[in-house]
Every structure is written in structure tokens, then in C-alpha cells.
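Here is a short report on one protein model. Keep the structure open beside the text as you read.

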Amino acid sequence: MKKTNLLLIIITLVICVTCGQKREYAEPSGETTEYTSTAEKATTTSSIDTSKEEPQTQSPQNTDNRKVIKEGLIRFKTASAKESRKLISQCITDYNGYLAQDDVNTKTGIDQYTVTIRVPAENFEKLLDRVTDNALQIESKDIKAIDITEQYVDLEARIKTKKEMESRFKELLKRANTMEEIFVVEKEIEKIRSDIESSEGRLNVLRNRAAFSTLSLEFYEQDEPVHIEEDKGYGFKESFLTGWSGLMWFFSGLLNIWPFILLLIAAIIAFKKFYNNK
């Protein structure tokens, strides 16, 4: 009888865990996405053991606990790319950030820099105000804030529920009498532990992205084309000198081929004499 009751408990817990694993977590994106409210999810998870679970009291609308991912992309033209790069380095130091990417692309007449900065969220707006101080022209600016409070709270609640489920299975393992029961319980404990580690990994990613905002900068320095104005006051003199140089070049060329010219003249004279005699 005890063995039958134990197996029934195991089967019930397995069904509960399986149902809980069907709910997949959605990664935050730049688009607005509708999510199930935290209260509804807490009510669903509480159906496993109503004697131990309590409704979720933390509201994602509490501004003190909101989790927001801030990202930005700015492209601008600058008079000196090196000076802009120095200013960005100083901003990173002043606002306790770090450099995530630093690329330089030098083309003909254009020096382009691509810089990605991670900075604490509370310093993000200050960084935005300073990095473009020496910009000649801001060509594009895209700043967005993604609210991930619901995803974050939902993950925390699920991790808590999974850990409580893991504790119940461990207690159940102590009451197992046969190898079959031990095998079934250990297998479920392994699945729950894997799900907990996966959820904790996603939670850490969200926590890091919310704690450190990301700003990507694309700026370039373009050399201005040099315009040479024509000196119209010496147009006739330059034309005369150019013509004289061409004439001298022509006579110089003739001097280089004078033997061939003499042979050509002799051939013409001989041909005329021969034709007249004919």
C-alpha cells in the first residue's frame, strides 16, 4: 500500500513538473510584446501545492523594482576623429563604463570609427549628453528602452517554484524503497535541476543587460576636397609658353630621326627620276 501511494505521489509530481516546463520564456526584443500577468502565473504555479505557495505580492509596476534595458545607436560626423575618440575614452572613465567594441576603418579620404560602450544604467543619459560634444553633424540617433520587468519577475517566481519542487523530490527520494522508485525520482530531480540552471542563466543575462546599458557610436572624419582656382591673369602667357614648348619638342624629335628623314628624301628623289625617265 505504501509503495502504491509513493508511486502515485511521484506520478503526480512528474505531471506537475511537465506542465510547468511547457511554458517557454520569451527573450526581450525591441518590439512591444504582450505577456501574461505575473499574478496569473503565480496562481498557476500555486496549484501544485496550495498549502505552501502564496500569491505573488511584488508588482512589476513598482517603479523602484522595474528592470529596463537601455540601448542606443548614434552616427555623426566630426572634424577630428582622434579628438572624438579621446573624448569617448574620457567619458568611459568618468562614468565607470567599459569598451565592448573598438573598430577603425580607414578609406580614401575617410576615417571611420565604430565604438560600443557598456555603462551603468544610471549613467546612460549623462553619456549621451557628452559623447557628441564635438560632432559637426548628427546624422542619426536611435535610443530605446525595453521594459523587461514582467519577464524578470516571472523568471524569479519560476525558479523559486522549481527549487521548492526539487526539495519535495529530494524528500521523496528518502522514502523510496525500490531501485525503480529511486531511478524515477533521481531522473526528475535531474530535469528540475537542469531547468533551474537554465532559468538562472537567463535571469543573469537579463540582470546584466538591465544593469549596464549599451551605446554604439559610429563617427567619421572626411577630408575636404582641395579646390584649385585657375589664375586667369596669366592665361595668354601660359598658352604662349605651352605652344613654344611644343614647338621645341617637335624640333627635338626631328633631330633624333634626321637619318631616317634623309633616307626618305633620297628615296623620293630617286623615285621621281625613275618615273620621269619612264
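This is a predicted model: local features need pLDDT of at least 70, side-chain atom pairs count only at pLDDT 80 or more; totals for chains, interfaces and linings use all residues.

## Lys191 and its partner

Lys191 is partly exposed, with a relative accessible area of 38%. The side chain of Lys191 meets that of Glu188 in a salt bridge, at 3.9 Å from N to O. A salt bridge is a side-chain nitrogen of Lys or Arg within 4 Å of a carboxyl oxygen of Asp or Glu. Glu188 has 7% relative accessibility, so Glu188 counts as buried.

Residues are numbered from 1 along each chain as its sequence is written, and side-chain values use heavy atoms, with hydrogens and water left out.

Side chains of opposite charge can pair when their charged atoms come close. By the rule above, the count comes to 17 salt bridges. One of them joins Arg75 and Glu139, at 3.1 Å from N to O. This pair links distant parts of the chain: Arg75 is in strand 1, Glu139 is in strand 4 (residues 135–147), and they are 64 residues apart. Arg75 is partly exposed at 22% relative accessibility. Glu139 is partly exposed at 37%.

Arg193 forms a salt bridge with Glu166, and their closest N and O atoms are 2.7 Å apart. Arg193 lies in helix 6 and Glu166 in helix 5 (residues 149–174), so the pair ties together parts that are 27 residues apart in sequence. Arg193 is partly exposed at 29% relative accessibility. Glu166 is buried at 7%.

## The whole protein

How many helices and strands are there in the protein? There are eight helices and five strands. Both are DSSP runs, numbered from the N terminus: helices are H or I with at least four residues, strands are E with at least two. From the N terminus on, the elements run α-α-β-α-β-β-α-β-α-α-β-α-α.

Of the 278 residues, 28% count as buried. The accessible surface comes to about 19100 Å², and 55% of that belongs to carbon and sulfur atoms. Accessible areas come from the Shrake-Rupley method with a 1.4 Å probe; for residues, only the protein chains shown count as cover. Now take contacts, meaning heavy atoms within 4.5 Å. Among contacts between residues at least 6 apart in sequence, 82% join residues at least 24 apart.

Helix 3 covers residues 81–94, and its 14 residues should span 20 Å at 1.5 Å a residue; its end C-alpha atoms are 20 Å apart, which agrees. The expected span is 1.5 Å times one less than the number of residues. Which residues of helix 3 are buried? They are Ala81, Ser84, Arg85, Leu87, Ile88, Cys91 and Ile92. They cover an arc of only 160° around the axis, which puts them on the same side of helix 3.

The face turned away from that buried side carries the exposed residues Lys82, Lys86 and Thr93. The cover over the buried residues includes strand 1 (68–78), strand 2 (98–107), strand 3 (110–120), helix 4 (124–130) and strand 5 (212–222).

Most residues other than glycine have a negative phi. Asn96 has a positive phi, near 60°. Asn96 lies in the loop between helix 3 and strand 2. At 56% relative accessibility, Asn96 counts as exposed.

Gln101 is found in strand 2. Gln101 is partly exposed at 33% relative accessibility. Leaving aside neighbours within four places in sequence, Gln101 is in contact with Thr114, Val115 and Thr116. The C-alpha atoms of Gln101 and Val115 are separated by 5.3 Å, though the two residues are 14 apart along the chain.

Helix 6 (residues 179–211) has 33 residues and reaches 47 Å from its first C-alpha to its last, close to the 48 Å expected at 1.5 Å a residue. Its buried residues include Val185, Ile189, Ile192 and Leu203.

Is helix 8 buried or in the open? Of its 20 residues, the number buried is zero, so helix 8 lies largely in the open. Trp258 is found in helix 8 (residues 258–277). Trp258 is partly exposed at 49% relative accessibility.

Methods. Buried means under 20% relative accessible area, exposed over 50%, partly exposed in between (1.4 Å probe, protein chains only). The arc is that of the directions from the helix axis to the C-beta atoms.
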